[in-house]
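Here is a friendly tour of one protein model. Please keep the viewer open while you read, and follow along from element to element.

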Amino acid sequence: MVSSPSQTKTGKPVRKVTNIDTYRKNRRKAGHYRWALMLVFAVACLFAGYFFAISPFFAVREIRIVGNSQVDSQRIIQLSGIENGDNIFAVNSRSVKQLLQIEPKIKDAEVSRSLSGKITITVSERQSVATVALDQFFVTIDEQGRILARYRTISDCQLPLITGLPQDLAATAAPGCYIRSAQLEQALSIVRELQEYALDLGELNIADDQQIKLYTLTGVELRMGDKTNMKEKYLVASAIISNHSETGSLSQIRYIDVSAGQAVVCYKR
């Protein structure tokens with residue numbers, strides 16, 4: 001049952017509803033209208049947000065490379081596949097990381113972005129620890145034996161040169177690959193052991209693991225025997241080299257044998 005209209009404090013007529021079913025029906029209609037309006041508003045917001053996100057306002061304007069010393073910044077940008085004008089939200093960090101790891105010298109990468117349109121790529125690079133002579137070329141490797149670069153010749157090698165490895169390893173020695181060799185693992189363990197002491201280490205020959213040979217940057221041959229007590233044997237040989245350097249007779253040494261723990265110096269005739 002519906003009563004006659006009355007007025008509110010604002011003067012607007014209000015129809016009083018005395019039938020509960022009619023009241024509920026009116027409330028349901030009002031509720032449906034509100035949900036419909038909210039849905040339309042939400043969809044409108046989504047569309048507005050989408051078109052705003054893909055607008056030139058969020059275009060890539062700058063690509064910054066951080067942490068690189070071996071790989072050129074332009075090379076990194078090229079590998080990343082990111083270009084100025086791309087939408088910053090379309091840049092997939094995981095894909096960029098995978099693309100950058102195509103370069104053997106890049107170990108890892110992180111991508112960050114700012115709403116100003118700047119993309120920052122922070123890379124960490126693999127560090128070369130030695131150069132390996134293989135057949136008719138040379139490769140630089142990291143501490144896991146991964147090949148970082150390949151050269152036909154070397155003129156000024158700043159890293160220890162490892163020689164005496166099986167030459168058949170050259171067939172699969174490409175940048176990005178690993179050299180799998182027990183002899184190389186032994187050579188790398190020696191390099192790690194001596195890195196703080198053998199600052200003048202020029203070459204390590206591992207052809208015979210029972211008679212490992214080291215060569216200093218001045219050309220002195222050190223016969224080390226097997227890999228045991230390598231540091232102690234090197235320090236004995238180093239003291240002899242230092243003494244002969246002071247007396248000016250270093251060029252007279254043919255080799256120093258410390259394989260038995262005691263130093264034996266062989267001079268040139």
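Which residue just after helix 2 takes a positive phi? Gly81 does, with a phi of about 80 degrees. Before going further, a note on the ground rules: this is a predicted model, in which local features need pLDDT of at least 70 and side-chain atom pairs count only at pLDDT 80 or more, while totals for chains, interfaces and linings use all residues. Residues are numbered from 1 along each chain as its sequence is written, and side-chain values use heavy atoms, with hydrogens and water left out.

Helices (H or I, at least four residues) and strands (E, at least two) are DSSP runs, numbered from the N terminus. Helix 2 covers residues 73–80, and Ile76, Ile77, Leu79 and Ser80 in it are buried. Here buried means under 20% relative accessible area, exposed over 50%, and partly exposed in between (1.4 Å probe, protein chains only). Looking down the axis of helix 2, the buried residues fall within an arc of 165 degrees, so they line one face of the helix; the arc is that of the directions from the helix axis to the C-beta atoms. Gln74 and Gln78 are exposed on the other side of helix 2.

The buried residues of helix 2 pack against strand 3 (62–66), helix 3 (93–100), strand 4 (106–113) and strand 5 (118–125), where contact means heavy atoms within 4.5 Å. At the start of helix 2, a side-chain oxygen of Asp72 comes to within 3.0 Å of the backbone nitrogen of Gln74.

Strands 4 and 5 pair in the antiparallel sense over seven bridges; two strands pair if DSSP finds at least two bridges between them. Val111 stands opposite Ile121 in strand 5. Four residues lie between the strands of this hairpin, where Gly117 takes a positive phi near 100 degrees.

Is Arg126 buried or exposed? At 14% relative accessibility, Arg126 counts as buried. Leaving aside neighbours within four places in sequence, Arg126 is in contact with several residues, including Gln70, Pro104, Asp142, Leu148 and Tyr178.

Nine strands form an open sheet in the order 8-7-6-9-10-11-12-13-14, with mixed pairing. Strand 8 (147–151) and strand 14 (264–267) stand at the edges, each with a single partner strand, so one side of each is left without a neighbour in the sheet. On average, neighbouring strands of this sheet are turned by 25 degrees against each other, direction ignored.

Strand 6 is mostly covered, since five of its five residues are buried. Ala130, Val132 and Leu134 are buried on one side, and Thr131 and Ala133 on the other. In general, side chains in a regular strand alternate between the two faces of the sheet.

| Strand pair | Sense | Bridges |
|---|---|---|
| Strand 6 and strand 7 | antiparallel | five bridges |
| Strand 6 and strand 9 | parallel | two bridges |
| Strand 12 and strand 13 | parallel | three bridges |

Within these pairs, Ala130 stands opposite Ile141 in strand 7, Val132 has Ile162 as its bridge partner in strand 9, and Arg223 stands opposite Asp257 in strand 13. Helix 5 (residues 230–247) packs on the sheet, touching strand 11 (212–216), strand 12, strand 13 and strand 14. The direction of helix 5 makes about 155 degrees with that of strand 12; axes are lines fitted to C-alpha atoms, for helices over the stretch in contact, and angles run from 0 to 180 degrees between N-to-C directions.

**Loop residues and cysteines**

Most residues other than glycine have a negative phi. Asp135, in the hairpin of strand 6 and strand 7 with two residues between the strands, takes a positive phi near 50 degrees. Asp135 counts as exposed, at 52% relative accessibility. Asn229, in the loop between strand 12 and helix 5, also has a positive phi, near 50 degrees, and is exposed with a relative accessible area of 54%.

How many disulfides does a search of the whole structure find? The search finds zero, a disulfide being a pair of cysteine sulfur atoms within 2.5 Å. Cys177 is partly exposed, with a relative accessible area of 32%, whereas Cys266 is buried at 19%.

Key. A polar contact is a pair of N or O atoms within 3.5 Å; within protein, one must be able to donate a hydrogen and the other to accept it, and residues adjacent in sequence count only if both atoms are side-chain atoms.
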